[in-house]
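Open the model in your viewer and keep the selection tool at hand. The stops below say what to select and what is there.

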Amino acid sequence: MNLRTLTIILAAVTVVALCVCAVFVAVLLPQVIQRASPAIAPPAQNPTPRAQATAGPAPTRPAKNYTNDFPRHLLFALDTESATEIRQVSLVIQVDGIQTSSRYLPEFAPSKKVSLVYDFDLQKNYLPPGVMGDFWWVLKDADGKETTTAKERFRVDEPVIQWKKVQNSKIAIYWYSGEQNFGQAIFDRAVASLALLEKDTGVTVDRQVQIFIYGNRNDFLNALGPNVAGFEGGRTHPEYSVVLIDAGARELTYARDATTHEMTHVIMHAKISGALGEFTFPHWLDEGLAMYYETTPGPLGAQFSIPLKKAIDTDTLLSLRSMAGRFPIAQVDLGYAESYSAVEYFYRKYGREKMQQLLLAIKAGGDFDELLSKVTGLNTDQFENEWRKDVGAKPRAASTATPVTGKPTPFPTFSLSTDPTATPAK
Ligand SMILES: [Zn+2]
């Protein structure tokens, strides 16, 4: 097996892994922020701590002691003393983009002088690199008086890796393997795809997407935290707007495609998710959009175009309805290829205004079939037959055109959207 063949196989495996990664995140890491003891009331609607009150305990120095020891720990240290005994200390952590803060109660012996380190265990409460936020302490003394320390910033990151970085306000590419032109090429492609994505869909990016490209597989696996599926080639955290990709300096094409693909997912999920948390965004449309912006400009790669052509020729295309929730495990490439093809057809036939209308309708909520009908005049089966005709496939038989499972399955990772309901207690 030559290197090129191996690379193609690896790329195929990693593309597949990337696109199921969001599902893995949903299943394995439903929440990484853990609320602390239920005995403590959630932080009042007062995320901005007041300056330290004169009456309560006073930290002897600013609570600036934050040590990043990713991927094992974040260490938050406090030194404080008070005229009266300090009975309770809580650490409050507020992650950017997550509306619920979390409180943690370090164990300590009540005293007038308290010196402690709270070990935030990333193996239990995983946070990916790039996550930023505020932390502060709430101290309560024997008289019940409370002091809240000033907010301090923290950032989760690799303590050893020396990242190179190219960024603008919407995208940041971090890498360490490969020269400047490696990261720049990925960045340039992401910027171009994002411009197209914004123009076509009307989305605007209001939270920078951070993409970390690991040039070494061990580094990558190490960064994933405790729940690692051995085949993963990337992982997307839409709730933090963070993507981790495993791609070496000689895999520029793959790194570029994967970056664009996952960036599209992150942006679309953030934009389409609404306050209700109930969505009908079929998997084929989600992946079709990601494939479209990954692929444009240029034709679909052989990994996908070959199974697509074969399925058209042998009349074995998967139905769009059957791909509402996920792709059949043995036909993943065909699933991606058809999704791309259906989205590409949609743009060609109906144009970007109709796509914008469809996405806005999905954001507002409702049954996907009804939304599609409202925008195009066709339900999923009718749209599918139009698309089949366009690609040269036979119309589907009436019997198989009948939906087997009824309405499309909501896409599972929407529970990980940036909407504020996504932080239940563990
Ligand atoms: Zn995908």
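**A buried valine in a loop**

Select Val 131 and show its contacts: leaving aside residues up to four places away in sequence, Val 131 touches Val 95, Val 156, Tyr 240 and Val 242. This is a predicted model. Val 131 sits in the loop between β5 (111-121) and β6 (132-141). Is Val 131 buried or exposed? Val 131 counts as buried because it has 25 C-beta neighbours inside 10 Å, and the cut-off for buried is 20 or more.

**The whole chain**

Zoom out. The chain has 10 helices and 13 strands. Of its 426 residues, 41% are buried. Take the contacts between residues at least 6 apart in sequence: 73% of them join residues at least 24 apart.

Colour by pLDDT. The chain average is 79, and 76% of the residues score at least 70. Select residues 1-54: pLDDT stays under 50 there, and the model has 86 contacts beyond four places in sequence for this stretch. Do likewise with residues 399-426. Here too pLDDT stays under 50, with 64 contacts beyond four places in sequence.

**Two packed helices**

Select helix α2 (residues 180-201) and helix α4 (residues 252-272). At what angle do they pack? The angle is about 35°, and the axes are 9 Å apart. The crossing is right-handed. Show the side chains where they meet. On the α2 side, the residues include Phe 182, Ile 186, Arg 189 and Leu 197. On the α4 side, they include Leu 252, Arg 256, Met 263 and Ile 267. By class, this contact has 10 nonpolar, four polar and two charged residues.

Tyr 293 touches Ser 193, Leu 196, Leu 197, Thr 260 and Thr 264, not counting residues up to four places away in sequence. Tyr 293 is buried, because 25 other C-beta atoms lie within 10 Å. Check the distance to Asp 257: 8.8 Å, C-alpha to C-alpha, across 36 residues in sequence.

**One side of α8**

Select helix α8 (residues 368-376). Which of its residues are buried? They are Phe 368, Asp 369, Leu 371, Leu 372 and Val 375. Look down the axis: these residues cover an arc of only 165°, so they lie on the same side of α8. They pack against α7 (332-364) and α9 (380-391). Step just past α8 to Gly 377, where phi is positive, about 85°.

**Backbone stops**

Most residues other than glycine have a negative phi, and most peptide bonds are trans.

- Phe 70 to Pro 71: the peptide bond is cis, with omega near 5°. Pro 71 lies in the loop between β2 (65-69) and β3 (73-95).
- Ser 241: phi is positive, about 60°, and the residue is not a glycine. It is in the loop between β12 (234-237) and β13 (242-246). Ser 241 counts as buried, because it has 25 C-beta neighbours inside 10 Å.
- Asp 315: phi is near 55°, again positive in a residue other than glycine. It is in the loop between α6 (302-313) and α7. Asp 315 is exposed, because 11 other C-beta atoms lie within 10 Å and the cut-off for exposed is 12 or fewer.

Methods:
Residues numbered from 1 in each chain as written. Predicted model: local features only at pLDDT ≥ 70, side-chain atom pairs only at ≥ 80, totals over all residues. Helix = DSSP H or I, 4+ residues; strand = E, 2+ residues; numbered from the N terminus. Contact = placed C-beta atoms within 7 Å. pLDDT = per-residue confidence, 0-100. Axes fitted to C-alpha atoms, helices over the stretch in contact; angles between N-to-C directions. Left-handed = near helix turned anticlockwise from the far one by under 90°. Nonpolar A, V, L, I, M, F, W, Y, C, P; charged D, E, K, R; others polar. Arc of directions from axis to C-beta.
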